[in-house]
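Good morning, and thank you for making time for this presentation. I would ask you to keep the sequence and the structure in view while I speak.

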Amino acid sequence: MLIAADKFKGSLTAVQVAARVTAGLRRVVPDLEVEALPVADGGDGTVDAAVAAGFQRREVRVAGPLGQEVTAAFALRGDTAVVEMAEASGLQRLPSGVLAPLTASTYGSGELLRAALDAGARSIVFGVGGSATTDGGAGMLSALGARFLDEEGEPPAPGGGGLARLARADLSGLDPRLSSVDLVLASDVDNPLTGPKGAPAVYGPQKGASPDDVEALDAALTHFAKVLEGAIGPRAVEYALAPGAGAAGGLGYGALVLGARFRPGIEIMLDVLGFAPALARASLVITGEGSLDEQTLHGKAPAGVAAAARAVGKEVVAVCGRLALPPEALGRAGIRRAYPLTDTEPDIAKCLTDAGPILERVAERIARDFLV
């Protein structure tokens, strides 16, 4: 039995999900062999998943999205690091939860990457998601040695809004170690940088951007790419149109400028976490996340787990807080059956506050359906 589930956001971490499912299964089959491999798709929880898989947790003080110092973590095993941008620049790092769509910066994410380089990383999986920022990765690039100046020769204000005043970009001071590192941009979104499907239009409102803010940020990021074209040539515009450029408020764009290669977050994380050998040992796979919905089918962790399992003929069931997919959609994704908490406890508020005990009861049902 392999449990490879993501977090139930706001209720349980991926590690807690695995523990609760294990407890429920063993109530029905006490001697059941269970292997837990918490998974993530590059968003928040990615470092925790890596640590659960045997990576070492490293902590460092970096700048939060509004410049305040925060303690952020990355994961390291050998010369491979897993860096999660949300640890430094995520929504949860905003003081008192105050949204700042125009001024939040990814500078701390660049400091995290630098810390991974300092720790000896030669391969970095850069998980992006859950960001508070829409600065195109300008802050991150600054932390790694890039210089951005306005017409007066001063650095523009932090955040995406300040990029409207950008006049010159100099990337010659970027950390030279970046040229010899395998940097992988791990994301579950493939949006371009700007336009109707770009970072400001699609994700800006989630970060507090008004319609006027969205328009201003889209213009500022378009201008940012144009200024970078003067520094690195036509690649700057090509990167802006590339899949993943719009991830994490355009941080994906900054990563592509650094030479990163884009891979679906769950795909690269399954590789890094050692999913294939664990899958080979499993007779049944349990995956899941807080909400199984249309988004799940577009690169989220359960869909990636199910696709990998189906490729080798392994059966998959899913646990979730709420289920918003019909059985035929689940079947197409490779999930035989889904078990939402709401089937056991119809009160959604209780499903959020008592997710752990309810999930154990759900796991008992799975054991009776598939193992007895």
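**Salt bridges, an aromatic cluster and a sheet**

Let me begin with Asp-369, which counts as partly exposed at 41% relative accessibility. Please bear in mind throughout that this is a predicted model. With which residue does Asp-369 form a salt bridge? The partner is Arg-337, and the closest N and O atoms are 3.0 Å apart. Asp-369 belongs to helix 16, residues 355-370, whereas Arg-337 belongs to strand 13, residues 337-340, so this pair ties together parts that are 32 residues apart in sequence. Arg-337 is itself partly exposed, its relative accessible area being 34%.

How many salt bridges does a search of the whole structure find? The search returns 24 salt bridges. I shall mention two further pairs and one network.

Arg-57 is partly exposed, with 37% relative accessibility, and Asp-48 is partly exposed with 36%.

In the other pair, Asp-175 and Arg-177 meet through their side chains at 2.8 Å, N to O. Is Asp-175 buried or exposed? Its relative accessibility is 14%, and Asp-175 therefore counts as buried, because buried means under 20% relative accessible area. Arg-177, at 31%, counts as partly exposed.

As for the network, salt bridges link Arg-20, Arg-27, Glu-360, Glu-364 and Arg-368.

I turn now to the aromatic residues. A pair of aromatic rings is described by the distance of the centres and the angle of the planes. The count comes to 2 aromatic pairs. In the pair of Phe-148 and Phe-224, the ring centres are 5.6 Å apart and the planes stand at 70 degrees, so the arrangement is edge-to-face; the cut-off for that class is over 60 degrees. Phe-148 sits in strand 7, residues 147-150, and Phe-224 in helix 7, residues 211-232, so the pair ties together parts that are 76 residues apart in sequence. Phe-148 and Phe-224 are both buried.

Phe-224 also pairs with Tyr-253, again edge-to-face, at 5.9 Å centre to centre and with 75 degrees between the planes. Since Phe-224 lies in helix 7 and Tyr-253 in helix 9, residues 247-257, this pair ties together parts that are 29 residues apart in sequence. Tyr-253 is buried, as is Phe-224. Together, Phe-148, Phe-224 and Tyr-253 make up one aromatic cluster.

Next, a residue in a loop. Asn-191 is located between strand 9, residues 182-187, and helix 6, residues 199-203. Its relative accessible area is 11%, so Asn-191 is buried. Which side chain makes a polar contact with the side chain of Asn-191? The answer is Tyr-203, at 3.0 Å. Leaving aside residues up to four places away in sequence, Asn-191 also touches several others, including Lys-197, Val-202, Pro-243 and Ala-247.

Strand 9 and strand 10 run parallel and are joined by 4 bridges. Opposite Pro-264 in strand 10 stands Ser-187.

Finally, helix 12, residues 301-311. Its buried residues include Ala-301, Pro-302, Val-305 and Ala-309. Among the elements that cover the buried residues of helix 12 are helix 10, helix 11, strand 11, strand 12 and helix 13. Just after helix 12, Gly-313 adopts a positive phi of about 75 degrees.

That concludes the presentation, and I welcome discussion.

Technical notes
Residues are numbered from 1 along each chain as its sequence is written. This is a predicted model: local features need pLDDT of at least 70, side-chain atom pairs count only at pLDDT 80 or more; totals for chains, interfaces and linings use all residues. Side-chain values use heavy atoms; hydrogens and water are left out. Rings of Phe, Tyr and Trp (its six-membered ring) pair if their centres lie within 6.5 Å; planes under 30 degrees apart count as stacked, over 60 as edge-to-face and the rest as tilted. Helices (H or I, at least four residues) and strands (E, at least two) are DSSP runs, numbered from the N terminus. Buried means under 20% relative accessible area, exposed over 50%, partly exposed in between (1.4 Å probe, protein chains only). A salt bridge is a side-chain nitrogen of Lys or Arg within 4 Å of a carboxyl oxygen of Asp or Glu. A polar contact is a pair of N or O atoms within 3.5 Å; within protein, one must be able to donate a hydrogen and the other to accept it, and residues adjacent in sequence count only if both atoms are side-chain atoms. Contact means heavy atoms within 4.5 Å. Two strands pair if DSSP finds at least two bridges between them.
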